[in-house]
Amino acid sequence: MANLVIVESPAKAKTIAKYLGSNYKVKASMGHIRDLPRKKLGVDTANNFEPQYIPIEGKDDVINDLLKAAKGSEKVYLATDPDREGEAISWHLAKLLGLDEQDANRITFNEITKRAVSEGIENPRQIDLNLVDAQQARRILDRLVGYQLSPFLWKKVRRGLSAGRVQSVVTRMIVDREREIRAFKPKEYWSIDVFLQKNGAKKPFTAKYYGTEGKKAELSNEEETQAICRAVQNAPFTVKSVKLSERKRNPPPPFITSTLQQDASRRLGMQSKRTMAVAQQLYEGIELEGRGMTGLITYMRTDSVRLSDDALNAVRGYIKDSFGTEYCPRTARVFKTRGGAQDAHEAIRPSDVTLTPDLLKNDLSRDQLRLYRLIWERFVACQMAAATYHVVSAEIESAGYEFRASGQTVKFKGYTALYVEKTDEEEPENSPVPADLAMGEELKLESIKPEQHFTQPPPRYNEASLVKAMEEKGIGRPSTYAPTISTIIDRDYVSREEKQLKPTPLGEAVTDLMIDKFTDIVDIKFTAGMEDHLDRVESGEEHWKEVLANFYRDFDDELKKAEEDMKEKRVKIAEEPTDEVCENCGKPMVIKYGRFGRFMACTGYPDCKTTKPLLDYTVGACPICGGRIVHRKSKKGVVYYNCEKGTKCGFITWDKPLERNCPKCGKTLFQHSFRGERGINCLNPECDYKEELAAPKARKSKKNDAE
């Protein structure tokens with residue numbers, strides 16, 4: 001009889017099956033197979049929070065197939081992902097299949113390679129019930145908040161709303177930032193740049209006003225700025241001091257979940273949800289020519305920067321062979337994992353460093369290749385030598401005022417030959433300060449540039465900065481960052497505007513209500529503290545039902561008090577002004593929130609009752625009637641486009657409208673892209689204009705293209 005190995009996904013099953021051979025059958029559970037019921041609370045709060053788990057609707061065929069396979073197997077191994085959620089899935093599988101919880105049937109591996117899978121099979125363990133309990137506690141906490149707070153929001157704000165434990169505090173972070181921006185009062189300040197020429201030098205360099213007598217001074221108005229400019233205009237500029245030094249810049253650590261999401265957002269423009277979906281594909285396995293299904297990266301949900309000895313030895317050998325011994329430090333770099341991190345897994349890295357991105361470019365989709373390249377380069381760079389720079393710093397005096405200049409040149413590229421970090425803040429360019437400046441040397445003034453500035457408000461969060469803030473504040477865990485952001489956008493509490501996250505009036509109204517009535521739910525420290533409690537459940541230091549009882553006692557009291565306080569009250573959501581005017585009475589239109597979401601209404605109500613659906617207009621014009629084109633999403637989240645006149649016109653397409661017009665008939669052009677077919681077409685029924693686009697490079701597997 002063969003042994004049965006159960007994983008979550010078919011791709012992972014196919015990759016593992018390749019390594020295990022004919023003595024093993026590998027089946028996929030297709031994710032979770034048991035959960036709390038969808039249509040009721042499913043938690044007995046009066047009976048020590050006993051959960052009611054049932055098979056997930058629609059999973060009957062999968063469950064029956066697993067039951068049949070388990071009965072015909074000599075041994076059943078549970079090989080779900082190596083984290084709390086994976087442990088809980090294994091526990092549910094054991095319950096459903098009637099497996100002995102005391103049996104050593106749980107196997108884990110941080111990467112899906114032949115060595116890792118073989119070691120996992122050779123070293124099975126019991127299901128870790130502490131991990132399971134930590135996941136149960138999280139699931140039930142979220143259920144208690146979601147299923148008991150949401151009905152309250154329906155009655156007091158709007159039907160269809162929902163609340164979440166982590167999502168609520170993240171929404172508050174975005175609301176608080178927006179209010180900081182609104183309350184910000186800019187403050188004027190000035191700067192002075194002087195452009196100085198050294199005798200014999202080809203180009204001038206820039207020095208910046210610093211102050212007087214070695215003390216930094218701020219310029220707050222134009223009058224004092226111009227006074228300094230007049231004073232130095234005809235005065236000599238003399239080098240007061242010169243300092244030559246060398247600066248080292250060490251490489252950043254390998255990726256963890258949060259830094260991967262941040263870098264993918266900054267460099268690739270990938271949303272966190274997409275980043276994690278593509279990383280999951282790379283982890284579970286891609287069909288490679290000549291290799292079959294191959295897992296390409298280690299597990300992508302981790303907050304540890306630790307690397308295995310095998311990985312370090314492999315990458316150091318690669319660096320020496322590919323870059324030279326001078327690029328490989330004498331000893332491997334060891335990075336310190338931040339306090340509070342679980343450190344259960346390695347950092348995110350390629351499973352095999354010799355599988356370079358260029359070797360895989362014909363096997364991976366565009367997003368897979370871009371993300372794999374990012375992970376591969378960061379991993380290799382983290383073990384390379386530091387970059388070193390020659391730094392020149394000079395103090396320059398004129399008319400009693402001090403100016404300072406500094407600049408650097410590369411001495412040795414080190415890790416930057418492969419990878420350079422990118423942050424949300426742009427680094428100023430360094431001036432080419434001459435290295436041979438001498439004390440007492442006079443410099444020629446080429447020009448003076450006084451400039452007015454105003455202090456800027458804090459920036460809105462984007463996905464990268466929000467993930468960073470969540471990590472720093474201890475809100476959520478690696479597996480929750482991406483779904484949390486997706487949820488608050490899907491619920492219309494937050495909108496994404498040019499990659500920035502902005503609260504909607506609905507999000508602000510709900511947050512204000514939560515701050516007033518449910519202080520703990522939207523308190524950052526409380527939510528971070530709850531994560532600490534869950535960590536202690538995982539380590540066996542706390543019992544999960546005690547954590548639930550301590551939370552629910554206060555939450556239940558707050559809910560009852562809120563119901564009483566707001567018995568006859570409802571929350572009013574602020575209207576959003578628009579540039580549109582009512583076509584019937586000419587008064588301004590505003591955006592309101594109704595039972596079915598946002599819509600436009602006339603401010604002349606009740607005299608004028610004109611309303612319109614809120615449409616997301618895009619570029620171009622309808623090729624049939626000339627109306628505006630609307631960007632829409634299907635129930636499954638698939639983007640399509642149609643005419644604003646709807647069925648009156650009938651135009652609808654999956655193709656993306658472009659800002660270009662057809663050279664033949666003048667109508668809007670559309671770009672077609674589907675399963676390798678790419679082109680630009682005119683969709684005017686009376687025009688046949690087309691442009692062919694180069695097809696993407698062929699690869700073996702295309703099943704992971706769609707999301």
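Strand E11 (residues 237-249) and strand E16 pair in the antiparallel sense over 2 bridges. Two strands are said to pair if DSSP finds at least two bridges between them, and the labels refer to DSSP runs numbered from the N terminus, with helices (H or I) of at least four residues and strands (E) of at least two. Within this pairing, Phe237 has Leu443 in E16 as its bridge partner. The model is predicted, so local features need pLDDT of at least 70 and side-chain atom pairs count only at pLDDT 80 or more, while totals for chains, interfaces and linings use all residues. Residues are numbered from 1 along each chain as its sequence is written, and side-chain values use heavy atoms, with hydrogens and water left out.

Strand E16 (residues 442-454) also runs antiparallel to strand E8 (residues 188-197), to which 10 bridges join it. Here Tyr189 stands opposite His453 in E16.

A further set of strands forms an open sheet of 4 strands in the order E23-E24-E25-E26, with antiparallel pairing. Its edge strands, E23 (617-621) and E26 (652-653), each pair on one side only. Strands E24 (residues 628-633) and E25 (residues 639-643) are joined by 5 bridges, and Ile629 has Cys643 in E25 as its bridge partner.

The helices may be considered next. The axes of helix H9 (residues 272-284) and helix H12 (residues 366-382) come within 10 Å and cross at roughly 85 degrees. Such axes are lines fitted to C-alpha atoms, for helices over the stretch in contact, and the angles run from 0 to 180 degrees between N-to-C directions. H9 and H12 are therefore roughly perpendicular to each other; angles under 35 degrees count as roughly parallel, over 145 as roughly antiparallel, 65 to 115 as roughly perpendicular and the rest as oblique. On the H9 side, the contact (heavy atoms within 4.5 Å) involves Arg274, Thr275, Val278, Ala279, Gln281 and Leu282, and on the H12 side Asp367, Gln368, Leu371 and Tyr372.

Helix H6 (residues 165-183) and helix H15 (residues 505-517) have axes that come within 10 Å and cross at roughly 110 degrees. This angle makes H6 roughly perpendicular to H15. Among the residues in contact are Arg172 and Arg179 of H6 and Glu508 and Asp512 of H15.

Aromatic rings provide another view of the structure. A pair of aromatic rings is described by the distance of the centres and the angle of the planes. Rings of Phe, Tyr and Trp (its six-membered ring) pair if their centres lie within 6.5 Å; planes under 30 degrees apart count as stacked, over 60 as edge-to-face and the rest as tilted. The count comes to 17 aromatic pairs. The rings of Tyr53 and Trp91 have centres 6.0 Å apart and planes at 80 degrees, so this pair is edge-to-face. Tyr53 lies in the loop between strands E5 (50-51) and E6 (54-55), whereas Trp91 belongs to helix H3 (residues 84-97), 38 residues apart. Both Tyr53 and Trp91 are buried, where buried means under 20% relative accessible area, exposed over 50% and partly exposed in between (1.4 Å probe, protein chains only).

The rings of Phe518 and Phe555 have centres 6.3 Å apart and planes at 40 degrees, so this pair is tilted. Phe518 counts as buried at 0% relative accessibility, and Phe555 counts as buried at 2%. Phe518 and Phe555 belong to one aromatic cluster, which also includes Phe49, Phe152, Phe526, Phe551 and Tyr552.
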